[in-house]
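This report walks through one protein chain, from confidence to selected local features. Keep the sequence and the structure in view while reading.

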Amino acid sequence: MVTRRDDGRLNCIKDDVVRARKTQNGDLLLELKSKDGDRKIQEELCNVLGMNAKVRTVTDLSYIELRKLDCLVTATDISTAITKATGILGSAITVKTLRPTFNETQMAVVCLPQTAAAFLVKKRTLVVGWMVLNGCQLLEKEIFFFITLLALGTGLPQGAPESVCETMLPFHAGGSILPEKNVSPFIVETADSVIAQGETLKVEISGVPAGLNLGGFMVQARNWNPPFGIVGQFSSIKDGPVKLLNCDDSVNNSATHNNAGAKPQVIIEWRAPLDFLGQVVFNATVAEAYNKFWTGVVSNPIHVVKRDLFVETAQLPTTRLPSSTMKYFTTQAPYTPSEFISSNVVISSRMDVIYNDCGARKTCFGSPDGCIISKSCISITAVTVRGNIFEFELQSGKDSKAVYVAMGLSDDAKMGGDLVIECVPENGRVSLYSSYTSSSPYAAIRSNVFQNSAHLINASFVDGVIYCKVQRDPLITVQGRTFDLRNDKYHLLLASGTTLKDTGIGFHDIGRSPSGNRINLAVVQDLGGSKMVLVHLHGAFMITAWIGTASLGVIFARYFKHTWVGHQSCGKDQWFTWHRSLMVTTCLLTVFGLVSIWVELKQAVWHAHSILGLMTIILCFIQPIGAFFRPGPNDESRPCFNWFHWLVGNVCHTLAIVAIFFSVNLSTSELPEWTDWILVTFIVLHCLAHLIFSIAGAASDRQLNQRINGLLGVYGIVVSFFVVVLILLVLLAPIEQYWSSS
């Protein structure tokens, strides 16, 4: 503001000043006799006024603003158009600002000689590219009629003018001061994430950390969806530092400061329209000082819902969250949600950003364990907490063929009594559902949960990858049970599958992973999965049975029935005793494996591994039943039995090995892909052993037969080695986490 000086310290410059006048913005303009003494005069003014004002030199340049430019127009196009229209050289034209606005248009601020600017404004038309700008889209910001001027002032103490409703750009120093490019230290927070039509919502603008003051601001509520129009009305709190603006032929739909003094925070009330449903964001320009401001400071999306669906949630927190938990926005241009992904639109590509800031600003949990580091999860969830706002991100893996991805909050890491978020692609869009699980029979029931307790923020379905970002209320009651996300601890249950039911999601055949322990959702941490002990025991039992005991049992029956005779045990030849013992052990281990996986899953899951496994189990039990009814050695039907017993045994053994191959790719096994090569190596050595034993069986040399008996010991050691290696891979899965930690 302009103040009088009667102490005589400015008398030294009076002879150089032709006249002085006060501008509409509160600045004092001094017209000088010549440009030669401007630096000296500027120094004198700074010495006298100190920090009470900003002093700058203004020449005979002018600034014009070009609005509604096409999004493809460049600075070169603008300079060429002005040169063609006015005849001035391109070197005299400076495009100070070119930035996007709404509706896929741009605005520009151009600095050029005053005479050229006046000519363009008078002409009222300018052809830029293929667009013709008329007088409403070509505005002269201010024409200075002075050779050299000194302007004194502190910006716009009464707030932003309505002429910047569309751009929200301060025109400080004639537009020469540009927005800061670093992350804004100011945030825009709301008292709630959901509001009913016609209701009011408190909006707070403040600095991080607490104590950082702001000087000026301008804020609007914008539709989250195109065309991003201004929504709702503001009302200032009594005696607050707020002035309301009328933009786009509406009333009180924007707010700015009414004084430029330091403010620790600003709280404004905003009323949602009665005729609007959808999402809005609060977009702000915030100035810390005259020459330091940030644009594109936005809040999280707010959901405007029908009044009969509105559920009241928590109020604005009274304590400031640590800065590490705040969500910052670095958009420098007037806000256009360039990374917005509509829940109603399928886009062609999106960046895989769910892994960003895991362990730093949000808690991430993925399946299989250890996949977050390599960004290769078949499903992943991330939890971010801001005050009373709980955000959950879910994403399925690439090439997983998932038709849903879901995340549940559980007390015991088991299915049953869990609050679940489901993200399901339907008819080209991702839909959000809330459900409550039951354990007997297993089901995710949607009808028991109020669907408005969770809100879809972002979603996409691109190249088979499902992504959704969801906000959930911090306090939900389902069937008499209360889920308190602020105070209670929960396991995270992550699941995805390839089937849907008429009333909900199907079985999690792609994978299901519970977190290793219960967590406070507000505490950012690295979260690992719970070890699925029964699944690992199933694998260990089956490997021991079909890689170990069954392989040895087949060798004994086929190659030693004619050589291991004469010495009996329990009235039976040695070869038969060993064969029967090994095969009974195989059947028992198979039963243990079947029971362990059934207890874990509690229902049948059909895929290649389970189907082949079921066929193996059926044939496994046919063998001892057939052996119990086998005819005597001299019975004429004995050869038929021998061929049947041989065929069933070999088919059973082959199916078991193939089933183990298919288990490697199951997410629940968490086995590395190179496990296949270990199995291939075993098969090669097993076939080589058959070849050697077959050649030895055709020989009549007694000494050679003794050497073959020695090779049996070698074969037993080799088989035992493969069994031990594979069991370790199963029990320590995923084995990669031990290597990465070391």
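## Confidence

This is a predicted model. The chain average is a pLDDT of 77, and 75% of the residues score at least 70.

Two stretches call for care. Over residues 310–351 the pLDDT is below 50. The model still gives this stretch 110 contacts beyond near neighbours in sequence. Residues 1–5 also stay under 50. They have 11 contacts beyond four places in sequence. Where pLDDT is low, the predicted coordinates should not be read in detail.

## Overall make-up

The protein chain has 742 residues, and 49% of them count as buried. Its secondary structure comprises 11 helices and 39 strands.

Residues 24 or more positions apart account for 67% of them. The chain exposes about 35900 Å². Carbon and sulfur atoms supply 57% of that area.

## A buried strand

Is strand β11 (residues 186–190) enclosed or open? Five of its five residues are buried, so the strand is largely enclosed by the rest of the structure. F186, V188 and T190 point one way. I187 and E189 point the other way. Both sets are buried, the side of E189 included.

Strand β11 is joined to strand β13 (residues 200–207) by five bridges. The two strands run antiparallel. Within this pairing, V188 has I205 of β13 as its bridge partner.

A495 sits in strand β33 (residues 489–497). Its relative accessibility is 8%, below the 20% cut-off, so A495 counts as buried.

Which residues does A495 touch, leaving aside neighbours within four places in sequence? The contacts are Y404, V405, A406, H508, G511 and R512. V405 is 90 residues from A495 in sequence. In space, their C-alpha atoms are 6.0 Å apart.

## Salt bridges

Side chains of opposite charge can pair when their charged atoms come close. With a limit of 4 Å between nitrogen and oxygen, the count comes to six salt bridges.

E391 and K469 form one of them, at 3.7 Å from N to O. This pair links distant parts of the chain, 78 residues apart. E391 lies in strand β24 (residues 389–396) and K469 in strand β30 (residues 465–472). Are these two residues buried or exposed? E391 is buried, because its relative accessible area is 5%. K469 counts as buried too, at 11% relative accessibility.

R518 and D411 form another, with the closest N and O atoms 3.9 Å apart. This pair also links distant parts of the chain, at 107 residues apart. R518 is in the loop between β36 (511–514) and β37 (519–520). D411 is in the loop between β25 and β26 (419–426). R518 is partly exposed, at 43% relative accessibility. D411 is partly exposed as well, with a relative accessible area of 36%. Through shared partners, salt bridges join D411, R481 and R518 into one network.

The side chains of E288 and K292 also meet in a salt bridge, at 3.8 Å from N to O. E288 has 28% relative accessibility and so counts as partly exposed. K292 is partly exposed too, at 33%.

## A nonpolar surface patch

Which residues form the nonpolar patch on the surface? They are W606, I611, L614, M615, I618, I622 and F644. Together they have about 670 Å² of accessible area.

Helix α7 (residues 608–628) gives the most to the patch, with five residues. I618 lies in this helix. Its relative accessibility is 47%, so I618 counts as partly exposed. Residues qualify for a patch at over 30% relative accessible area, provided they have no salt bridge.

Terms used: Residues numbered from 1 in each chain as written. Predicted model: local features only at pLDDT ≥ 70, side-chain atom pairs only at ≥ 80, totals over all residues. Heavy atoms only, no water. Patch = residues over 30% accessible without salt bridge, like charges linked within 9 Å, V, L, I, M, F, W, Y side chains within 5 Å. Areas by Shrake-Rupley, 256 points an atom, 1.4 Å probe, with all protein chains shown as cover. Helix = DSSP H or I, 4+ residues; strand = E, 2+ residues; numbered from the N terminus. Buried < 20%, exposed > 50% of the residue type's maximum accessible area, 1.4 Å probe, protein only. pLDDT = per-residue confidence, 0-100. Contact = heavy atoms within 4.5 Å. Pairing = 2+ DSSP bridges.
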